[in-house]
Amino acid sequence: ASDTSIDSLRELFNLTWDAPPFGGSPGPTPPNVGLMFAMNRKGEIDIDIVSVAFDGTLAPPIRATPARPARVSLAGLRGRMAAALKRHPAAAACAREMNVSS
């Protein structure tokens, strides 16, 4: 995903994070990062910022750092999206057109 897409997801789900060594949010999305959403056995969603700090080796380390919030329910994630869509009418219109609004 591009930095713009990750910035949009950050706003849509009201997330913040630290992505060492690049710093954190708010602010521009650092290079070489992604968001990982994983549902655990309890049905909760764990959210991590995944980053690669290229260090000149052939296999640089991949780091997964919990976002804030680090864990939410599916209903909680939907609630965060609904609140963001209320703040951004143009995004709400786009979500309706794509049939993803809550």
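Trainee: So a helix is a DSSP run of H or I with at least four residues, numbered from the N terminus. Which helix is Gly76 found in?

Mentor: Gly76 is in helix α2. Keep in mind that this is a predicted model.

Trainee: How far is Gly76 from Ile45?

Mentor: Their C-alpha atoms are separated by 9.4 Å, while along the chain the two residues are 31 apart.

Trainee: And what is the bridge partner of Ile45?

Mentor: Ile45, in β2, is the bridge partner of Met39. Strands β1 (residues 33–39) and β2 (residues 44–52) run antiparallel and are joined by seven bridges.

Trainee: How many residues are there between β1 and β2?

Mentor: Four, and the two strands form a hairpin. Gly43 sits in the turn with a positive phi of about 85°.

Trainee: Which residue has a positive phi although it is not a glycine?

Mentor: Asn14, with a phi of about 50°. Asn14 is placed in the loop between α1 and β1. Its relative accessibility is 46%, so Asn14 counts as partly exposed.

Trainee: Let me zoom out. In what order do the elements run?

Mentor: Starting at the N terminus, the order is α-β-β-β-α-α. That makes three helices and three strands in the protein chain.

Trainee: What joins Arg68 and Pro69?

Mentor: A cis peptide bond, with omega at about 0°. Pro69 belongs to strand β3 (residues 62–73).

Trainee: New topic, pockets. How much space lies in the largest pocket?

Mentor: About 200 Å³. Its lining includes Ser8, Glu11, Leu12, His88, Cys94 and Met98.

Trainee: Which helices each supply at least two residues of that lining?

Mentor: α1 (3–12), α2 (74–87) and α3 (89–97).

Trainee: And how do the lining residues divide into nonpolar, polar and charged?

Mentor: Eight are nonpolar, two are polar and one is charged.

Trainee: What about the whole chain, how much of it do buried residues make up?

Mentor: Of the 102 residues in the protein chain, 28% are buried. The accessible surface is about 6500 Å², and carbon and sulfur atoms account for 59% of that.

Trainee: Last one. Of the contacts between residues at least 6 apart in sequence, what share joins residues at least 24 apart?

Mentor: That share is 39% in the protein chain.

Conventions
Residues are numbered from 1 along each chain as its sequence is written. This is a predicted model: local features need pLDDT of at least 70, side-chain atom pairs count only at pLDDT 80 or more; totals for chains, interfaces and linings use all residues. Side-chain values use heavy atoms; hydrogens and water are left out. Buried means under 20% relative accessible area, exposed over 50%, partly exposed in between (1.4 Å probe, protein chains only). Contact means heavy atoms within 4.5 Å. Accessible areas come from the Shrake-Rupley method with a 1.4 Å probe; for residues, only the protein chains shown count as cover. On a 1 Å grid over the protein atoms alone, a cavity is a set of points where a 1.4 Å probe fits but cannot get out, and a pocket is an open set with protein on both sides within 12 Å along at least five of seven lines; lining residues have an atom within 4 Å of a point. Grid points are joined across faces, edges and corners, and a volume is the space filled by probe spheres set on the points. Ala, Val, Leu, Ile, Met, Phe, Trp, Tyr, Cys and Pro count as nonpolar, Asp, Glu, Lys and Arg as charged, and the others, Gly among them, as polar. Two strands pair if DSSP finds at least two bridges between them.
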